[in-house]
Every structure is written in structure tokens, then in C-alpha cells.
Amino acid sequence: MLRVFLVEDESIIRETLRDTVPWSRLGYTFVGEAADGEMALPLIRNARPDVLITDIRMPFMDGLSLSKLVMEEQPDIKIIILSGYDDFEYAQQAIKIGVEQYLLKPITKATLVHVLQEV
């Protein structure tokens, strides 16, 4: 089973994804969550997930900064960025860091399930 960690500052989105995605049926174990990158980083270091799903804009530490730090420490991790911003510059930065997918909000369960199956 692949280990997945979720970082999203909007609690309703975080809880909905955590509770409705059929993680184990997709071959994943949900190993943790956090509301921002600063809180997430030590938890990610401890959990060592295979996949990180993170929002791009959050207080304290954004998803791009978090992704960059995590990729430096875990170069094999797959990162999926969730963004409410259709901003080419964000997408360029994400590609430069090496993220796997850049998904625009609102994200549906079906879309995330499809991406998780691809990863």
C-alpha cells in the first residue's frame, strides 16, 4: 500500500477528501493531514508518505514551498497540487519543482480518484 498525506487549509475540503476517497480500495493508506505546510512538514518527515496532496495557497508555508522542501528530502515522492488559481506562473513553478499533477479546484472525488490511480 502506498502512503498518502493531505495538506489543505480549508477544513471542509480536507475532511471531505479524507473521509470520502476510498483510500484502501485504491491501494493507499491515509497516514496524515495538516492545515498548512508549516504544520505538515514535521508530520511528513515522520510519516514518510509516497504521495503528498497539497493545496498551493495556505497560511504560514504554501504548497510550493512545502513541495520543494519535501522533494529535497524525499526525491521519489509523488506530489499532487490542488489549486483554486488558474495561474500559469504557479503551474510553471510546480513543474520546475517536479510535481506529478496540478489540479484546479473545485476538485471532484472522481478526478482525484482517477489521478491517484495514475500515480
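## A buried proline, a parallel sheet and its helices

Pro49 is buried, with a relative accessible area of 2%. In this predicted model, Pro49 is placed in the loop between α2 and β3. Not counting residues up to four places away in sequence, Pro49 touches Arg3, Val4, Phe5, Val31, Ile44, Gln74 and Ile77. Although Pro49 and Arg3 are 46 residues apart along the chain, their C-alpha atoms are separated by 4.7 Å.

The confidence of the prediction may be stated next. The protein chain averages a pLDDT of 92, and 100% of the residues score at least 70. Confidence is highest in β1, at a mean of 98, and lowest in α4, at 82.

**The sheet**

Five strands form an open sheet in the order β2-β1-β3-β4-β5, with parallel pairing. Its edge strands, β2 (28-34) and β5, each pair on one side only. From one strand to the next, the twist averages 20°. Strands of a sheet pair through backbone hydrogen bonds, either parallel or antiparallel.

Strand β3 (residues 51-55) pairs with β4 in the parallel sense over five bridges, and four bridges join β3 to β1, again in parallel.

| Residue | Partner |
|---|---|
| Asp55 | Leu82 in β4 |

Helix α5 (residues 109-118) lies across β2, β3, β4 and β5, and runs at about 175° to β5.

**Helix α4**

Which residues of α4 (residues 88-97) are buried? They are Tyr90, Ala91, Ala94 and Ile97. These residues cover an arc of only 120° around the axis, which puts them on the same side of α4. An α-helix has 3.6 residues a turn, so residues three or four places apart point the same way. The buried residues of α4 pack against α3 (63-73), β4 (78-83) and β5 (101-104). On the face turned away from this buried side, α4 carries the exposed residues Phe88, Glu89, Ile95 and Lys96. Just after α4, Gly98 takes a positive phi of about 105°.

**The nonpolar cores**

The largest nonpolar core has 21 residues, and those with the most contacts inside it are Val7, Ile44, Leu52 and Leu66. At least two residues of this core come from each of β1, α2, α3, β4 and α4. Helix α3 supplies the largest share, four residues. Leaving aside neighbours within four places in sequence, Leu66 is in contact with Val7, Gly37, Ala40, Leu41, Ile44, Leu52, Thr54 and Met61. Another core, of 17 residues, lies apart from the largest one and includes Tyr28, Ile80, Leu103 and Val113.

Key
Residues are numbered from 1 along each chain as its sequence is written. This is a predicted model: local features need pLDDT of at least 70, side-chain atom pairs count only at pLDDT 80 or more; totals for chains, interfaces and linings use all residues. Side-chain values use heavy atoms; hydrogens and water are left out. Buried means under 20% relative accessible area, exposed over 50%, partly exposed in between (1.4 Å probe, protein chains only). The arc is that of the directions from the helix axis to the C-beta atoms. Contact means heavy atoms within 4.5 Å. Two strands pair if DSSP finds at least two bridges between them. Axes are lines fitted to C-alpha atoms, for helices over the stretch in contact, and angles run from 0 to 180 degrees between N-to-C directions. A nonpolar core is a set of buried Ala, Val, Leu, Ile, Met, Phe, Trp, Tyr and Cys residues joined through side-chain atoms within 4.5 Å. pLDDT is the predictor's confidence in each residue, from 0 to 100.
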